[in-house]
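Please look over the sequence and the model before reading on.

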Amino acid sequence: MNNNIKQTEILISGTGGQGILVMGQVLAHAATVDNLNVLWMPSYGPETRGGTSDCSVILSSDEIGSPVICSPGILIAMHQIAVDKYAHKLKPGGTLVYN
């Protein structure tokens, strides 16, 4: 990772059982190894498998003021529903990773 970043907001979304929360945890852990400030916030429904699952990850070289991501710079969408729900919120020039 690049320690020159000011702040990067990442939204990972899909359905339960796809490893959405684990992806966020691994990314957050890797950022802490690089001495970045990290916020990892999971969001999921009561279903164990097949329900919606989202994870917000904020990486910053400065303090993180809010856990809310309104316009992510990176969207990792593991299901078409996630693309439909969040792609329009991506920052201009943002990155969409779609499975």
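Gln 7 stands opposite Ser 60 in β3. The model is a predicted one, in which local features need pLDDT of at least 70 and side-chain atom pairs count only at pLDDT 80 or more, while totals for chains, interfaces and linings use all residues. Residues are numbered from 1 along each chain as its sequence is written, and side-chain values use heavy atoms, with hydrogens and water left out.

β1 and β3 run antiparallel and are joined by nine bridges; two strands count as paired if DSSP finds at least two bridges between them. Another bridge partner in β3 is Asp 54, which pairs with Ser 13. β1 also has a parallel partner, strand β4 (residues 74-77), to which four bridges join it. Ile 12 has Ile 76 as its bridge partner in β4.

## The chain and its sheet

The protein chain has two helices and five strands. These are DSSP runs numbered from the N terminus, of H or I and at least four residues for helices, and of E and at least two residues for strands. Read from the N terminus, the elements follow the pattern β-α-β-β-β-α-β.

The five strands form an open sheet in the order β2-β3-β1-β4-β5, and the pairing is mixed. β2 and β5 (95-98) are at the edges with a single partner strand each, so one side of each has no neighbour in the sheet. From one strand to the next the twist averages 10°, with axes taken as lines fitted to C-alpha atoms (for helices over the stretch in contact) and angles running from 0 to 180 degrees between N-to-C directions. In a regular strand, side chains alternate between the two faces of the sheet.

β2 and β3 are antiparallel and share eight bridges. In that pairing, Asn 37 has Ser 60 in β3 as its bridge partner. Ser 60 also stands opposite Gln 7.

## Burial and the nonpolar core

Of the 99 residues in the protein chain, 34% are buried. Buried means under 20% relative accessible area, exposed means over 50%, and partly exposed lies in between (1.4 Å probe, protein chains only). Eight of the nine residues of β3 are buried, so β3 is largely enclosed by the rest of the structure. The count for β1 is seven of nine, so β1 too is largely enclosed.

The largest nonpolar core has ten residues: Ile 10, Ile 12, Ile 20, Ala 31, Leu 36, Cys 55, Val 57, Leu 59, Ile 76 and Met 78. Such a core is a set of buried Ala, Val, Leu, Ile, Met, Phe, Trp, Tyr and Cys residues joined through side-chain atoms within 4.5 Å. β1, α1 and β3 are the elements that give two or more residues to this core, and β3 gives the most, with three.

Where in the chain is Ala 31 found? Ala 31 lies in helix α1 (residues 20-33), and Ala 31 counts as buried because its relative accessibility is 0%. From Ala 31 to Leu 59 the separation is 28 residues in sequence and 6.9 Å in space, C-alpha to C-alpha.

## Cavity and pocket

A search of the whole structure finds one cavity of 30 Å³ or more. On a 1 Å grid over the protein atoms alone, a cavity is a set of points where a 1.4 Å probe fits but cannot get out, and a pocket is an open set with protein on both sides within 12 Å along at least five of seven lines; lining residues have an atom within 4 Å of a point. The largest cavity has a volume of about 50 Å³, a volume being the space filled by probe spheres set on the grid points, which are joined across faces, edges and corners. Its lining consists of Ser 13, Gly 14, Thr 15, Thr 52, Asp 54, Ile 81, Ala 82, Lys 85 and Tyr 86. β1 (7-15), β3 (52-60) and α2 (80-86) each give two or more residues to the lining of the largest cavity, and α2 gives the most, with four.

The second largest pocket holds about 160 Å³ of space. The residues lining this pocket are Leu 11, Met 41, Ser 43, Asp 54, Ser 56, Ile 69, Cys 70, Pro 72, Tyr 86 and Lys 89. The elements that give two or more residues to the lining of the second largest pocket are β2 (37-44) and β3.
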